[in-house]
Each structure stands twice: as structure tokens, then as C-alpha cells.
Amino acid sequence: MRTEDLIHFCPPGRLIIGAGSRSQLPALVARLGYRKGVLVTDPFFVKSTPWVDEYVRSASALGIETIVFDGGEADPTTTLCDNATQAVRIALGGNAPDHVIALGGGSNIDLAKALCITLPSGRPVRDFVGGLTAADRPIPLIALPTTAGTGSEATPGAILVDPSNATKVAVMDNSLRPQIALIDPEFTYTCPPRVTADAGIDALTHAIESYLTLDSVQYDRGGHPDPGYSGRSSLTMLFAREAISLCARYLKRCYDNGADVEARTGMCYASVYAALSYGSAGLNAVHGIAYAVAGMTHRSHGTTNAVVLPYVVDALAAHRPTETTEIAQIFGICGESPEHAVRELTEFLRELVAYLGIPTTLKDLGIAKASLDSLTRDALAVTRLAKSFPVCDVEDAYGRIVRNAYHGRLGKAPTSNK
Ligand SMILES: NC(=O)c1ccc[n+]([C@@H]2O[C@H](COP(=O)([O-])OP(=O)(O)OC[C@H]3O[C@@H](n4cnc5c(N)ncnc54)[C@H](O)[C@@H]3O)[C@@H](O)[C@H]2O)c1
């Protein structure tokens, strides 16, 4: 408990976690009075799993009509969202749905979130980038994540790729948080190792980044009466700590053996606990730099986060000595002294990234040295993240992190801005 905290905590409306819990959904949807829904997913789930059919049939038996949109793609673009908006509006024949269901990883959930705000009017999604007005009333969303993960089932944002400038844009508002986040670990059993690794390191990144982010008392809410993100507090840190512990226990196990049910379940909890932390505390440099890296390389969200994570933790070691030492201890790293432990932690994180088959430097990810300045500028341009990095000179810190991440420099290695 930290008496100085200023808490503005925003979880999803209902959080349901349990193996097989998907079978409860039709009755819950009926109980909430919903009658006409759109289920947003991608071809994998329609062709290779029974889940879409099972839900549509059980819901129909209870008088709930569901239209399936299975055109979801990894890293959805604003163009995909606009095309989906038109296609679904035509399929609905002018009748607005009273709920939207997302089945899939963060990509399908984000597309569904965006559709919740575009379907009522048919307006392009770019109209909503930068914030919703009080008059914008999104359709209620039910999120069924199939990766562990992004935590999008508990956050206020939909992240879309803007093809006109190759960056990711966010549609963000607390009203976009799912009314129901239903986490059925069985959904994740079919994840191939690459998806398991990318999603798992994303969950760990969310937990660590939000554990180390700016305090709520220092956070600039810009006068917003209902901020999506508002800095870390003792409440968000509780969830972050638990998520880090779960990742320490289960991330590698899950990657090594996708049939390890305990590890799969542990990572589902890790993912949602991390989201309950970052979904209110917010994130900073890892995601800020990763968005810029993704714009240049088009690599996955988990990969672009992972490559930067050890270098950001390294940069924060002096500013967050207690917390970084705690994280080292959670991973069983004691070291001769707290400084040694944190140094070992950053090396451990880099080894974990390599173990998961992800490059450990920006150079190995294919970024050219000549691009480092523009990469830093692009990262700093994501001001909602840059403003939460808990150091005095954020511009200088981002520049150093980008260069260290390019060269693979950690700890005592030179951290010059060259
Ligand atoms: N809104 C947020 O708060 C938030 C947070 C983090 C990331 N994101 C976004 O999430 C996206 C990444 O999501 P992701 O890592 O969950 O991957 P994803 O949703 O992009 O899915 C990647 C691939 O894995 C497949 N897949 C997903 N679940 C599967 C399963 N159970 N079995 C077999 N295949 C499966 C998908 O069909 C897809 O082909 C990025 O676009 C990122 O920007 C959003």
C-alpha cells in the first residue's frame, strides 16, 4: 500500500477464467439480453476448430443470432477494418448488432474492438484515432483470447497498422474495454511454438514495463476525466508481480511443450494479470520503440518488444533499483550484490529472448545503423508512451537504448549516444 497513489483502475466488465469456461458463454449472453451478434475471427478458427460452430449453434438455441466475420488477419490494418465495417453492415442488412464477440489473438480482438465503434455509423476507423467523444457509443464487446498474450481482452485500446505511413495507430477509450473477458486456457492449446513465444514474451514485457513505469502520482492525465492509463500504483504492481512470477515459472515450459496444460493455464493467468497491470498503469519505452521497429521491419508485436526489453530494463536499473532487484529475485537471480543481480537479470532476459528464437539486437533484426536516428524519432513521437518513461531526459534515454539495442550492449558496456 502506497498512500500517495492516485488510482483510476479500469478492469473489463466481467472476467471469467477457467478451462472449458467457453461453454458458459451462450447462457451468459442470453442472460444479458443480447439477441443479435457479430463474431469476429479468422479462417483458422472456422476451419480448424469446432469453437465457432459450437458457439453459434448453442447461442442460436437460446434465440441469439450470430453473424460470423472470419476475415481477421494478423496485425490488422485500418483498411481491413474499414472493409470489414462495410461487409458486416451489408450482412446485417441495416440492423445494428447488440454485441460483438472476438475469438482469436490480439489481432482479432483489436479488429473486433475497432468494429464496435465503426459498425454503428459506418465511418472510417481513422475518425476515431486520437480519442472518442462522449457521443460515441461502442457496441459491447465480448473477448475470447486464444493466445496468452496480449491482454487486449482487458485494455482500452485497439492497435491497427496504418498502411499510409506504416505505423501503428491506436483507437483508445475505456468504453472499448470488453464487457466480458472470457479466458478459456483450452483455446490456447493449439498455439504453435512461434505464436506461444511471441505472445508469452509480450505478457512478460507488459508485466515488467508496467511494474517499472511512471508512478500514478506523477502521471499527466492531461485533464482527462476518464483516462485509460494513469501510471502505476500498488494495485497495478500487485498484478504485475504475480504475472512476472507466473512467466518465470511457465513461459519456457509452455514454449518447450505446448501440451503442458499446467504451463498453458499458468501463462493465461500471467497474460491477464499483466493486462490488469498495464491496462491501467500504461507502458513506456519498450512498446514505444517496438512500434517504431515494427514499422520498419514488419516483424510481430512480441518479437519487436522482446528485442528491446533487456536494454530498457538495463536503462532503468539506476532509476528503479528496488523493483529491478525484485524482478531478478523472482527469476531466482540473487547475485553478489543488488547491482550484480540486476546486471545478471538483463543478461538473463536477453538469453530468454534468444531461447524463444527471437533476435537479440536491432542489427540482427535487420535494422540499418543509418536508420537509428529516425527510429528514435518515430519512437519518441508516440508521446503517450514516451511521457511515461520514468527518467528525466527521455529523448537522450531513448537514443541510448536504441543504440545499445543495435550493438547488443548491456550493463557496464559503453552507453554513449553514438
Ligand atoms: N490492444 C491491445 O491492448 C494490444 C496489446 C498487445 C498487442 N496487441 C496487438 O495484438 C497483435 C498480436 O496478437 P497475438 O500475439 O495474440 O497474435 P495474433 O492475434 O496476431 O495471431 C498470430 C497468428 O496466430 C494464430 N493463432 C492465434 N491463436 C491461435 C491458436 N489458439 N491456435 C492456433 N493459431 C492461433 C492466428 O490465427 C494468427 O495467424 C498485434 O497486432 C498487436 O498490436 C494489442
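Colleague: Among contacts between residues at least 6 apart in sequence, what share joins residues at least 24 apart?
Modeller: This is a predicted model. Of the chain's contacts between residues at least 6 apart in sequence, those joining residues at least 24 apart make up 78%.

Colleague: How many helices and strands are in the chain, and what is its radius of gyration?
Modeller: The chain holds 15 helices and eight strands. For 418 residues the globule rule gives 22 Å, and the chain comes close to that, so it is as compact as a globular protein of that length. Its radius of gyration is 21 Å.

Colleague: Is strand 5 largely enclosed or open?
Modeller: Leu141, Ala143 and Pro145 point one way from strand 5, while Ile142 and Leu144 point the other way. Residues on both sides are buried. With five of its five residues buried, strand 5 (residues 141–145) is therefore largely enclosed.

Colleague: Which residue in strand 5 is the bridge partner of Gly104?
Modeller: Strand 4 (residues 99–104) and strand 5 run parallel and are joined by five bridges. Together with helix 5 (residues 106–118) they make a right-handed β-α-β unit. The strand 5 partner of Gly104 is Pro145.

Colleague: Which residue in strand 8 is the bridge partner of Ala143?
Modeller: Strand 5 also runs parallel to strand 8 (residues 180–183), with two bridges between them. In strand 8, Ala143 is paired with Ala181.

Colleague: How far apart are the end C-alpha atoms of helix 6?
Modeller: Helix 6 (residues 193–211) is mostly covered, with 16 of its 19 residues buried. At 1.5 Å a residue it should span 27 Å. The distance in the model agrees with this: 27 Å.

Note on methods:
Residues are numbered from 1 along each chain as its sequence is written. This is a predicted model: local features need pLDDT of at least 70, side-chain atom pairs count only at pLDDT 80 or more; totals for chains, interfaces and linings use all residues. Side-chain values use heavy atoms; hydrogens and water are left out. Helices (H or I, at least four residues) and strands (E, at least two) are DSSP runs, numbered from the N terminus. The expected span of a helix is 1.5 Å times one less than its number of residues. Buried means under 20% relative accessible area, exposed over 50%, partly exposed in between (1.4 Å probe, protein chains only). Two strands pair if DSSP finds at least two bridges between them. A crossover is right-handed if, with the strands pointing away from the viewer, the path from the first strand over the helix to the second runs clockwise. The radius of gyration is taken over C-alpha atoms; the globule rule is 2.2 Å times the number of residues to the power 0.38. Contact means heavy atoms within 4.5 Å.
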